[in-house]
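Please look over the model shown here.

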Amino acid sequence: MDFQQHRASRSEGGLTLLRRAGEEPQRESEGSPIVKGGPDIPMLLITTILLLFGCVMVYSASAVYAEQYHDDRTYFIVRHLIFLVLAIAAAIPVVRFVTPRFWEDFSVAIYVCAIVLLILVLLVGDDLGSGAKRWLNLKVFTVQPSEIAKMALVMILAKYMSTYEHMVRSAHRFGSFLYGVVYPGCLIGGIAVLIAAERHISGIMIIGMLGISVMFMGGTKLKWIFLIIGMVALAGGLLIAVSDYAQARVDTWWNIETADRLGPAWQTIQGLMAIGSGGLFGLGLGNSRQKFGYVSQPQNDFIFTIICEELGFFGAFLVIALFVMFVWRGFHIARHAPNLFSSLLVYGLTFKVGIQVILNVAVVTNSMPNTGISLPFFSYGGTSLILQVVEVGIILAVSRYCTNKKI
């Protein structure tokens with residue numbers, strides 16, 4: 001490869017990661033159709049372990065809180081298991097019968113539905129006591145549209161980047177900027193603005209990082225990626241400057257040692273105490289002290305602190321190692337997907353899990369301001385758990401059409 005070819009390949013951004021030994025992944029439209037096989041076993045096993053581990057920790061973290069507020073130690077775990085059964089029931093047909101082509105054909109419709117739900121939640125949404133309307137209360141259960149929007153964004157960007165692949169990679173500066181930045185930026189912005197109206201800072205962060213990740217893997221050039229990151233950082237600074245809510249969070253994070261320990265800093269400090277008291281091997285499963293009214297709702301966003309306290313460094317390391325293996329396997333499936341849309345879809349859904357894990361751990365360790373970010377497969381929840389399992393189902397469905405089934 002001469003210098004010009006090397007330079008051109010570098011300018012293509014993350015698209016070069018879709019190649020193996022200089023070759024594009026085989027596409028459904030090229031040559032003979034790819035034979036459908038079984039789902040990826042390593043990904044299935046990793047996800048199963050994460051879900052079972054999550055169930056154990058939800059019960060361990062929530063039993064005391066559930067008994068205190070609901071007079072039933074099993075209140076949260078029973079509901080968590082119900083959500084998990086519903087999630088698996090929804091994921092099985094996705095794996096067995098739904099082809100990647102289905103998600104490509106209906107990606108626009110799913111994106112529009114997500115936009116409608118985000119508008120609807122602003123009009124008739126429920127705050128569930130949080131002070132911000134983020135849920136649609138359907139009486140039997142609640143739905144959080146922002147979770148649906150994350151999946152919809154991955155699908156629409158995968159559709160867009162695969163459809164306009166050559167324009168995104170165009171050597172013409174204006175063309176590559178227009179198709180590689182402006183148009184996909186509008187798709188991201190449509191969702192980000194509506195989530196911002198919910199005062200959902202963590203949701204905006206995840207949407208932005210997710211969008212940039214898919215754009216990069218889809219071929220948006222590195223110089224534009226750096227430009228976008230700079231603009232996002234500037235926008236984030238302006239948001240903090242005009243939002244008293246955001247300023248308070250940042251101020252508490254920055255001055256955690258002098259912040260009001262009985263006020264905004266309470267949960268963060270109690271979470272840090274839980275992490276620190278776990279030591280190397282932990283206090284033992286079920287023996288957390290901080291879940292006795294110190295860490296607020298420990299079965300939700302701060303469940304990782306209870307894992308650290310009860311299982312210690314080794315338990316925390318095991319959880320993070322499982323997520324690293326999940327991301328590794330997701331990337332493996334994406335690299336051998338049958339076409340660009342399927343590849344970007346799997347990359348995006350895998351990034352979604354990885355991003356949330358990194359942000360959740362960063363929050364509970366006070367590496368970034370406290371904002372509500374759940375730990376995938378572990379935190380108690382309905383919409384998020386069901387969608388996470390269905391998204392894994394989509395990844396497994398794509399894996400059935402992979403061109404290389406080897407580990």
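Glu67 and Arg73 form a salt bridge, with their closest N and O atoms 3.2 Å apart. The model is a predicted one. Glu67 has 40% relative accessibility, so Glu67 counts as partly exposed. Arg73 is partly exposed too, because its relative accessibility is 36%.

## Salt bridges

How many salt bridges does the structure hold? The count is 7. Side chains of opposite charge can pair when their charged atoms come close.

| Pair | N to O distance |
|---|---|
| Glu67 and Arg73 | 3.2 Å |
| Arg101 and Glu104 | 3.5 Å |
| Glu165 and Arg169 | 3.0 Å |

Take Arg101 and Glu104 next. Both residues sit in helix 4, which spans residues 100–105. They are 3 residues apart, about one turn of the helix. Is Glu104 buried or exposed? Glu104 is buried, because its relative accessible area is 13%, and under 20% counts as buried. Arg101 has 41% relative accessibility and so counts as partly exposed.

Then comes the bridge between the side chains of Glu165 and Arg169. Glu165 has 5% relative accessibility, so Glu165 counts as buried. Arg169 is partly exposed, because its relative accessibility is 23%.

Ser213 is placed in helix 9. Its relative accessibility is 15%, so Ser213 counts as buried. Which residues does Ser213 contact, leaving aside its neighbours within four places in sequence? The contacts are Phe351 and Ile355.

Now look from the other side. Ile355 belongs to helix 14, residues 340–364. At 7% relative accessibility, Ile355 is therefore buried. With neighbours within four places in sequence left aside, Ile355 touches Ile206, Met209, Leu210 and Ser213.

Sequence separation and distance in space can be set side by side here. Ile355 and Ser213 are 142 residues apart in sequence. In space, their C-alpha atoms are 9.9 Å apart. Ser213 and Leu344 are separated by 131 residues in sequence, with 9.6 Å from C-alpha to C-alpha.

## A serine in helix 2

Ser62 is part of helix 2, which covers residues 41–70. Its relative accessibility is 0%, so Ser62 counts as buried. Which residues does Ser62 contact, leaving aside its neighbours within four places in sequence? They are Phe76, Ile77 and Gln299.

## The second largest pocket

The second largest pocket has a volume of about 880 Å³. Which helix gives the largest share of the lining? Helix 8 does, with 10 residues.

By class, the lining has 25 nonpolar residues, 7 polar residues and 1 charged residue.

## The cavity

How many cavities of 30 Å³ or more does the structure hold? There is 1. The largest cavity has a volume of about 30 Å³.

Its lining is made up of Ser374, Leu375, Pro376, Phe377, Phe378, Ser379, Ser384, Leu385 and Gln388. By class, 5 of these lining residues are nonpolar and 4 are polar. None is charged.

## Cysteines

The structure holds 0 disulfides. Cys55 has 10% relative accessibility, so Cys55 counts as buried. Cys186 is exposed, because its relative accessible area is 51%, and exposed means over 50%.

## In short

The predicted model holds 7 salt bridges and 0 disulfides. Ser213 of helix 9 is in contact with Ile355, a residue of helix 14.

Definitions and conventions
Residues numbered from 1 in each chain as written. Predicted model: local features only at pLDDT ≥ 70, side-chain atom pairs only at ≥ 80, totals over all residues. Heavy atoms only, no water. Salt bridge = Lys/Arg side-chain N within 4 Å of Asp/Glu carboxyl O. Buried < 20%, exposed > 50% of the residue type's maximum accessible area, 1.4 Å probe, protein only. Helix = DSSP H or I, 4+ residues; strand = E, 2+ residues; numbered from the N terminus. 1 Å grid on protein atoms, 1.4 Å probe; cavity = no way out; pocket = protein on both sides within 12 Å on 5 of 7 lines; lining within 4 Å. Points joined across faces, edges and corners; volume = space filled by probe spheres on them. Nonpolar A, V, L, I, M, F, W, Y, C, P; charged D, E, K, R; others polar. Contact = heavy atoms within 4.5 Å. Disulfide = S-S within 2.5 Å.
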